[in-house]
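Trainee: I would like to learn how to read features from a model. Please take me through some of them.

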Amino acid sequence: MPEDPLGVARALVARAAPGEAVEAYVMRARDTEVEVLRGDVESLTVAEESGVGIRVVREGRQGYAWAGALDAALLDDTLAEARDNATFAAPDQWLGLPTPDEAAHPTATLELWRDDLASVPTEAKVELTLVLEQATASADPRVRGVESAGYHDTALEAAVASSLGVEATTRRTVCSCAATALASQGDETRTGFGFSVGRSVDDLDVDAAAGDAATRAVRLLGAVQPRTQLLPVVLDPLVTASVLAIIGTALNGEAVLKGRSMFAGRDGEQVAAPVVTLVDDPTDPRARGATTHDGEGVPTRRTPLLEGGALTGFLQNVYTGRRSGAGTTGAAVRGLGSPPGVGARALSLTPGDREPEAIVASLPAGLYVQTVSGLHSGTSPVSGDFSVGAVGLMIRDGALAEPVREITVASTLQRMLLDVAEVGADLTWLPGSAAGATLLIGEMQVSGS
């Protein structure tokens, strides 16, 4: 059996029996993860993994099975198990593998792989993490410790092949370093997070990650609980990215079909302010989730979701695209453990013209939200309810003022989208499925004392 992912996938689908369609998704990856604490290595993991996920579709019934290795005997068993599972599945007229016509979309040319990542010794990655911890600790005299300092990289190769003739391969590397600083003043301690991401070690900026962690911790010292009031709210790019990721789950064709999206049935409506244009674009090489093909081997593409505030579309894989009549948008996502679902890879807002400092300077009063807590428990992509804990800084006379804590910021996602007054120019690509940017929301309920 060939060892390269595409060779393994081709050999499996060549065994399709008459009347059935077979798809194989094969991946292999190498990961390095380092955590240090007080100058010592707390954990070090260097792991290689590989596996396969097999779909068999026969007479509208789908069976799926997967394995965490590529041994020949195990591949035989996995294919047999997928066939067996198909016999127990309920028939569904929309089920089926992508046809060549559905996969006939132009393929982006992306350079997402860096050979030099594999050539960097593990010892050098450990040393980088130790330097990050030390740089964070020494960035400001009020930083009394470093809660965490870590490094992570992944080199992933994957291939999809089907008996219908659809084939695709993807390769990408990603690495990051991050630190959490502990700033103290008397009995008070505050934390701040800093990070840097890239595709190779040379892309990482350790000093910037350390400096951001220290600055974000120190500026929260002396935080008080503000009074309850209605205020314009400025979201930090890290917060914006987290909120966009939740909004993205409501712009998912699978969620719409299941009636679990606040946007269901609102196609073409004005659901956000005119300054809001949101796209998912895995063909943008700056995105950490960039890729040429989705989890079904369909070419990815730029998919507008909100344009000028109007709802223009949803993310679709082959199944949801067929069932909704919209067609696939190349948004199938998958791991090994289950068939392809639907998901965003590279959400981003079209940035505005002003930097964050200019946005803050335009406000007589407001709240700058630096971090939030309880986002997933306090936010619903179905109802749109939004109620989260927050820490940040008050805005007074166009400048960041006293830090505040123990705040609850509440609204609905629908209201927040309609109340977006400005998107900052500081588009920031982060780990995960969404980019961040400073976001000014006209008015929100800020509950304190």
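Trainee: Where is E59 found?

Mentor: Start with how elements are named: helices (H or I, at least four residues) and strands (E, at least two) are DSSP runs, numbered from the N terminus. E59 is found in the loop between β2 and β3 (61-67). Before going on, note that this is a predicted model, in which local features need pLDDT of at least 70, side-chain atom pairs count only at pLDDT 80 or more, and totals for chains, interfaces and linings use all residues. Residues are numbered from 1 along each chain as its sequence is written, and side-chain values use heavy atoms, with hydrogens and water left out.

Trainee: Is E59 buried or exposed?

Mentor: Buried means under 20% relative accessible area, exposed over 50%, and partly exposed in between (1.4 Å probe, protein chains only). E59 has a relative accessible area of 68%, so E59 is exposed. Its phi is near 55 degrees, a positive value in a residue other than glycine.

Trainee: What is phi of R38, and where is the place of R38?

Mentor: Phi of R38 is near 50 degrees, also a positive value in a residue other than glycine. R38 sits in the loop between β1 (21-37) and β2 (40-58). R38 counts as exposed because its relative accessibility is 70%.

Trainee: Why does A149 count as buried?

Mentor: A149 is buried because its relative accessible area is 0%. This residue lies in strand β4 (residues 143-162). The C-alpha atoms of A149 and A178 are separated by 5.8 Å, although the two residues are 29 residues apart along the chain.

Trainee: Which residues gather in a patch of negative charge on the surface?

Mentor: Patches of charge are made of residues with over 30% relative accessible area and no salt bridge, with like charges joined within 9 Å. A salt bridge is a side-chain nitrogen of Lys or Arg within 4 Å of a carboxyl oxygen of Asp or Glu. Asp and Glu count as negative. Here, D115, D116, D202 and D203 form such a patch. D203 is in the loop between β6 (188-198) and α5 (206-218), and counts as partly exposed because its relative accessibility is 41%.

Trainee: How many helices and strands are there in the chain?

Mentor: The chain has eleven helices and 18 strands. Of its 449 residues, 52% are buried.

Trainee: What radius of gyration does the chain have?

Mentor: The radius of gyration is taken over C-alpha atoms, and the globule rule is 2.2 Å times the number of residues to the power 0.38. For 449 residues, a compact globule would have a value near 22 Å, and the chain has 24 Å, which agrees.

Conventions
Patch = residues over 30% accessible without salt bridge, like charges linked within 9 Å, V, L, I, M, F, W, Y side chains within 5 Å. Areas by Shrake-Rupley, 256 points an atom, 1.4 Å probe, with all protein chains shown as cover. Charge placed at Lys NZ, Arg CZ, Asp CG, Glu CD.
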